Each structure stands twice: as C-alpha cells, then as structure tokens.
Amino acid sequence: MKRSVLSLTAALGLALAAGIAAVPAASAATVDSAPQQGYVASSYTGSAEEKANNQAFYEAVMKSALAKKAANPFLQTVTVTYDASSAPTFRTTIANSASIWNSSVRNVQLRSGSNADFRYYEGNDSRGSYASTDGHGSGYVFLDYRQNQQYASLRVVAHETGHVLGLPDHYSGPCSELMSGGGPGTSCTNPYPNTAEKNRVNSLWVNGFAAAAR
C-alpha cells in the first residue's frame, strides 16, 4: 500500500484485557464526527508495530507544531494546540490534563485552540482509549466511555496525552509512573508523570526546538 494512504494507528490505551464491553447508547451517545475513513485501528498487542505507531504519532504532532512555530522562531517553548470540541464529555478533564503537563514540563506546552495539531474524540470502542495518526501531521486521541468509568479518567487522559508528547507505554511500571497505564490496576489514580517521564518529554522537545532553529 502506498504511504500516502497508509494509516498508522497506535492502540495505546490503558486496557490490558482482550475486550471491554461498550457502554449502552442510553448512557453515552456515540460521536458521529470521530474519524473513520483513512484510519485503521488495531487492538493492543504490545508489539514492535505498536511502538512504531506511537513514535509516528509523536513525530506527526511535533512536525505540525514546529511548522507553526517557524513563524515565531525566538520563542523558547513549542506550543502544541489541541481541539477538544469533539470530546465534550471530557472537556474539563482534558483541560486538567493539559494543566498537569504544562506544570510538569518546560519545553512544550499544550493549548486549546483552532488549527489544532491533534484532536480528542469520544465514544464507545472495545479497544479502550488510544492515540492515532495517519502519519502526515494529522492525529487524534480517542477516549472510550467505559474505560473512563473503570479507570480514573484524568489518569486515562493524561496517559494518552503522554503519547502525544512522545512517551511509550510501560505497563510493568508502578502507579507512580503515568505511562504504566492500566498495569497497576483500577485502584491507581495517579495522573502525574514522574521525574523520568518529565525529563524525557523535556529532552524530546528541546531537540525538536533545536532542529527547528537550524
């Protein structure tokens, strides 16, 4: 398949089990505007392909953000813009997640706005929540209703946003590690990245800034 139509999808959610039942329509309406055409999603496997897709999502978001930053080359922080209009149920949680990340790292900041580098969507999906990209600067985070009922929603959103900033899953980690996701179980509610995760994001984005400055 040609790369121009190849979809790279990272099913990078918190769920470790094979399937999560969908929430009945009466309890949460599905979002018709969630992207379908041109995207192929895969279930969590923990494979090398998943890791590659995670990297592709981060690279697509960085490419989009740095392209816009070129108009303001003297700024020392890269701004990544997100659009949460298609995830109204999670709008406040998304804003809180952005606040957590913005207070945790210095080389990249998340802002709500138009001309977004990535978008959030919500709905029902047996794969749980995940991050997805088409590999060409367009990406989104999908937030599954059921999973956000089973797990602490702020942790789910902050975890998925961590993928946007370049962090991979590490399910074997402790609850104190945000990217351990659902590994520690539903009792883990920590929505904050640990020191190593903060340092990793700062390192990734300062390198992006340096590349854009050349």
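Trainee: Glad to have you at the screen with me! How much of the accessible surface of the chain belongs to carbon and sulfur atoms?
Mentor: First, a note: this is a predicted model, where local features need pLDDT of at least 70 and side-chain atom pairs count only at pLDDT 80 or more, while totals for chains, interfaces and linings use all residues. Residues are numbered from 1 along each chain as its sequence is written, and side-chain values use heavy atoms, leaving out hydrogens and water. Accessible areas come from the Shrake-Rupley method with a 1.4 Å probe, and for residues only the protein chains shown count as cover. The accessible surface of the chain comes to about 9,900 Å², and the share belonging to carbon and sulfur atoms is 52%.

Trainee: And what percentage of the residues in the chain is buried?
Mentor: Buried means under 20% relative accessible area, exposed over 50%, and partly exposed in between (1.4 Å probe, protein chains only). Of the 214 residues in the chain, the buried ones make up 51%.

Trainee: In what order do the elements of the chain run from the N terminus on?
Mentor: Helices (H or I, at least four residues) and strands (E, at least two) are DSSP runs, numbered from the N terminus. The chain has five helices and six strands. Their order is β-α-β-α-β-β-β-β-α-α-α.

Trainee: Which residue in β3 stands opposite Thr 79?
Mentor: Strands pair if DSSP finds at least two bridges between them. Strand β2 (residues 78-86) and strand β3 (residues 108-112) run parallel, joined by five bridges. Opposite Thr 79, β3 has Gln 109.

Trainee: What is the handedness of the crossover from β2 to β3?
Mentor: Picture the strands pointing away from you: if the path from the first strand over the helix to the second runs clockwise, the crossover is right-handed. Here the chain passes from β2 through helix α2 (residues 91-104) to β3, and this β-α-β crossover is right-handed.

Trainee: Which residue in β4 is the bridge partner of Tyr 82?
Mentor: β2 also runs parallel to strand β4 (residues 118-123), with three bridges joining them. The partner of Tyr 82 there is Phe 118.

Trainee: How far apart in sequence are the parts that the pair Cys 175 and Cys 188 ties together?
Mentor: A disulfide (a pair of cysteine sulfur atoms within 2.5 Å) joins Cys 175 to Cys 188, with S to S 2.0 Å. Cys 175 is partly exposed at a relative accessible area of 29%, whereas Cys 188 is buried at 4%. The link is right-handed, with 90° about the S-S bond. Both cysteines lie in the loop between α4 (153-164) and α5 (195-213), so the parts tied together are apart in sequence by 13 residues.

Trainee: What is the C-alpha to C-alpha separation of Pro 191 and Ala 158?
Mentor: Pro 191 lies in the loop between α4 and α5 and is buried, with a relative accessible area of 10%. Leaving aside residues up to four places away in sequence, Pro 191 touches Ile 100, Leu 154, Arg 155, Ala 158 and Leu 178, where contact means heavy atoms within 4.5 Å. Pro 191 and Ala 158 are 33 residues apart in sequence, and their C-alpha to C-alpha separation in space is 6.0 Å.

Trainee: Last one: what is the phi of Asn 115?
Mentor: Most residues other than glycine have a negative phi. Asn 115 lies in the loop between β3 and β4 and is exposed, with a relative accessible area of 57%. Although Asn 115 is not a glycine, its phi is positive, at about 50°.
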